[in-house]
Amino acid sequence: MAWLFLLPSLVLFLLFTGLPVVAALVISFTQWDLFNPPQFVGLQNYTSLFNDRIFGQVMGNTGLYVLASVPIQIVLGLLFALGLNRVIHGKTVLRIAYFLPVVTSTIAAALVWSWLFNTNFGVVNALLSAVGIAEPPKWLSSSKWAMPAVIIVSVWQNLGNGMVLFLAGLQNIRQDVYDAAALDAARGWKRLWFITLPLLSPTTFFVLIITLIGSFQVFELVFIMTNAGPANATNTLVFYIYQNGFQFYQMGYASAAAMILFAIVLFITLVQYRLQNRWVHYG
Amino acid sequence: MARPTRHSAWDWVIFIALLAGVIITCAPFAWMISTAIKPNAEVFRFPPTLWVEAPLWDNFLRVFTVIPFGRAFANSLMVTGAITILQLIVCSMAAYAFACLQFRGREVLFLIYLAALMVPSQVTLIPNFLVVRNLGWIDTYQGLILPFAFSSFGTFLLRQYFKTIPRELIEASRLDGCSHWRIYLFIVLPLGKPALAALAIFAFVSQWNNFLWPLITTTKPEMQTVQIALSTLQGQFNTDWPLLMAGSVLATMPVLAVFILGNKAFISGLTAGSFGGK
Amino acid sequence: MADVQLSGVQKAYEGHRVLHGIDLAIEDGAFCVFVGPSGCGKSTLLRMIAGLEEVTAGVISIGGAEVNDTDPADRGVAMVFQSYALYPHMNVAENMGFGLRMTGTPRAEIDRRVSAAAETLRIGELLRRRPAQLSGGQRQRVAIGRAITRRPEVFLFDEPLSNLDAELRVQMRVEIAKLHKSLGNTMIYVTHDQTEAMTLADKIVVMRAGRVEQAGKPLDLYVDPDNAFVAGFLGSPRMNFLSATVSNGGATLSDGQIIALPPLFASPTPGTALSIGLRPEHFSQPSEPDAWLDLKVDVTEHLGGTSFVYARGPGGEEVIIEQRGAAPEQDQIRAGFRVADVLVFDADGQRIR
């Protein structure tokens, strides 16, 4: 009986998730350009990746993006949630406003920000010259400033996600615990540090994991804003997978890169689950 | 507790910070709309202005004539709508089995479904592409729809909600002679409406914005979705900013409307699934 | 040690008044119980004394000093919450010592006081556990221990026993009474349970709809209530009320039966509507009954040592009669009482003495 209910999901799951995971691993051991039959090459794709100078750059870019974008998103998201939690009227409207970028298509967001970052006619540089910066960055056409621009947009787009989750977490903390803290002289920063943050830690844990995993998958922003340029300065792991698979038709090589993405995500998740009992408090 | 005199300074700081946040968050939208209705003379003016002196609505019409944007819009509606409906059906059936039925291997299978949340979609991208290509589904609706008809996240979300339905209700219906299909259709689904609504909005928003999959599985302009059409527009008219912004406005409107109307359900779904993300 | 004084204390939420000017003096070392039905404002009043709610009008002073604008932590009060409100991320010892830690007490002193409190409450072996690993009764002890550790002038209890099962409730009630005896602090205790109020209090404050109905010693309120509400609220089973009108020589019940009234200071004019109050135990074999009621019996409950007869009064009012030993099964009962035990209330429920 139960299996009848499960049948549609099982078929779809096996066809589009279960088998493909295994297949991706198998393909990563082959050389395959889609036109000729695949050839088994063992670990060659992986060794090539490690000797691939561009791949090294790609991993560096991705790491930089994650290390900058994730902490900013989490800290800002938490601060805004703490602020919003104190607002009494208009909380819903503010929450919707902060969340709009999250539901906006990344393509549209990337387009509008490309325009805002336009070197000669963009708003960002207009503001920078208004505050007296004589030679504002060339942003997307500068190999130095393209990545910071992408990071800024990612923070803008994803901030609301963490914030909404933090806000829900804050609203889950019981008032009577705050009352007890008031009687125990835990006020202001002390209350934040000793009561609010520890009780929020399950949410922080969750937000950290999904933000980290999401960040490793950055693609559309780079695709639209910089097309991975200039000179691969913003080429990231998923873009590299796409590029090798669907522009260079190196399915094996792209799959090997995808397996590395998978390994990173698995590693982060497992490490976090191991570490969580050191700092996450479940009520 | 909250003595207004002591906290008012802080409250102002917070208020100003929140307001600044809202301005930064919403300014790009304002700029998107403003540029979309600017004549060229105003677009390339320095310093740029938000206010448009001579608004021009032509750009919205141009989007539909320079590329088959109307067709792309219809495709997106079709694909997103179909995925949303299929996810509701497939996930609710699976969730019903996990939440309300006893069977061997239930926990293991559920764990496997959950583990799938940790697999980045880019990992399965190439094998899925090969499957769809071998089935001859490149440039077809089924190729765009079926890979997303099931969602682990949706199953998890619905199962958590279905579990809160009192067991007695289901047992009482069993005693009244209801089959599992009847219980699923007439008890669990109606009671599960809030979770189904959350999933529907969630699925709609994320699928409307889906980009990578339609990028690699569509080649003909008439099968493109809105997001692909928008990136094509950028490829062909990369300095025609009013046109690009008009396209962006059009591509963004449906999700923003759905989100603003259903924001409560959406956010409750997001936070209830404190496990597994987009 | 400190007394607590309330004068003209009011509370309003967005213009809606929930407390209408409370005047109350709680002596140093007293065990004062606020009792009343839910929504009467008793918890709000307690939270105002704690400093968790702002005072809309009036003055609250503790130990002679006005505390209206004093921070909760600086009032010398500790509170035990209905839900215990333990910090879920700290173990028992950390929970108990948290207040001292926040005020910068040295580590050794905290440890000393925590273990002293733990010993008093016999929770020494729980100190390393988290609240989630404790039973309801254990959490309750920890919550009390947390209050003791702070050595407050005044203890505040907000319905502390309502989440416990019946047996544990009685046990903890006795412990709280013992604690008051050994510590000797002022304690203010909120409950909706009149048994807790009667057994624990030196002073009961009966509240209704944001007002104090009567305050005083438990037995004084029981024997000599100011109004029908207090009379009915205290005592279990509750007092019986019979409607009557004043006539010459007594009160006429709805079936015409006339019963004598105790001597009243203000004798009401004939024809006025009255309510006659008699407690169930007043029917319980008084040595010399001097008045009788003829009642129709609905049902009899046998508790062993006593029985309760549920009967119908002349106007159809339910009348509960307590009888020693086993009551015989009967359809009619002639219940005797002493006129001196009768309480008389006017139509508004105010006592006529």
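How far apart do the end C-alpha atoms of residues 108–132 of chain B lie, and what percentage of the span is helix? The distance is 29 Å, and the span is 64% helix and 0% strand. Helices here (H or I, at least four residues) and strands (E, at least two) are DSSP runs, numbered from the N terminus.

This is a predicted model, in which local features need pLDDT of at least 70 and side-chain atom pairs count only at pLDDT 80 or more, while totals for chains, interfaces and linings use all residues. Residues are numbered from 1 along each chain as its sequence is written, chains are lettered from A and ligands numbered from 1 in the order in which they are written, and side-chain values use heavy atoms, with hydrogens and water left out.

**Chains A and B**

Chain A has twelve helices and two strands. Read along the sequence, its elements follow the pattern α-β-β-α-α-α-α-α-α-α-α-α-α-α. The C-alpha trace of chain A spans about 75 × 70 × 35 Å along its principal axes.

Chain B has 15 helices and zero strands. Its radius of gyration is 24 Å, well over the 19 Å that the globule rule gives for 278 residues, so chain B is more spread out than a compact globule. The radius of gyration is taken over C-alpha atoms, and the globule rule is 2.2 Å times the number of residues to the power 0.38. Along the principal axes, the C-alpha atoms of chain B fill a box of roughly 75 × 70 × 35 Å.

**Annotated spans**

An unreviewed UniProt entry lists residues 12–33, 77–101, 108–132, 144–162, 183–205 and 241–261 of chain B under "transmembrane region". UniProt also gives the annotation "domain: ABC transmembrane type-1" (unreviewed entry) to residues 73–262 of chain B. For chain C, UniProt lists residues 4–234 as "domain: ABC transporter", again from an unreviewed entry. UniProt positions are given in the numbering used here, feature names are shortened, and annotations may be inferred rather than shown by experiment. The table describes spans from these annotations.

| Span | Helix | Strand | Distance between end C-alpha atoms |
|---|---|---|---|
| Residues 73–262 of chain B | 74% helix | 0% strand | 21 Å |
| Residues 144–162 of chain B | 68% helix | 0% strand | 29 Å |
| Residues 4–234 of chain C | 37% helix | 26% strand | 24 Å |

**Helix packing**

Axes are lines fitted to C-alpha atoms, for helices over the stretch in contact, and angles run from 0 to 180 degrees between N-to-C directions. The axes of helix 5 (residues 106–116) of chain A and helix 14 (residues 241–261) of chain B come within 9 Å and cross at roughly 150°. That angle makes helix 5 of chain A roughly antiparallel to helix 14 of chain B. Angles under 35 degrees count as roughly parallel, over 145 as roughly antiparallel, 65 to 115 as roughly perpendicular and the rest as oblique. The crossing of helix 5 of chain A and helix 14 of chain B is left-handed; a crossing is left-handed if the near helix is turned anticlockwise from the far one by less than a right angle, and right-handed if clockwise.

In this contact (heavy atoms within 4.5 Å), Ala108(A), Leu111(A), Val112(A), Ser114(A) and Trp115(A) meet Trp241(B), Leu244(B), Met245(B), Ser248(B) and Thr252(B). By class, the contact of helix 5 of chain A with helix 14 of chain B has seven nonpolar, three polar and no charged residues. Here Ala, Val, Leu, Ile, Met, Phe, Trp, Tyr, Cys and Pro count as nonpolar, Asp, Glu, Lys and Arg as charged, and the others, Gly among them, as polar.

Helix 9 (residues 188–216) of chain A and helix 2 (residues 92–102) of chain C pack at an angle of about 160°, with their axes 13 Å apart. Helix 9 of chain A and helix 2 of chain C are therefore roughly antiparallel to each other, and their crossing is right-handed. Lys190(A), Phe194(A) and Ile195(A) meet Phe98(C), Arg101(C) and Met102(C).

**Local backbone features**

Leu34(A), in the loop between strand 1 (30–31) and strand 2 (39–40) of chain A, has phi near 80°, a positive value in a residue other than glycine. In chain C, the peptide bond from Ser236(C) to Pro237(C) is cis, with omega near -5°. Pro237(C) is found in the loop between helix 8 (228–233) and strand 11 (240–247) of chain C.
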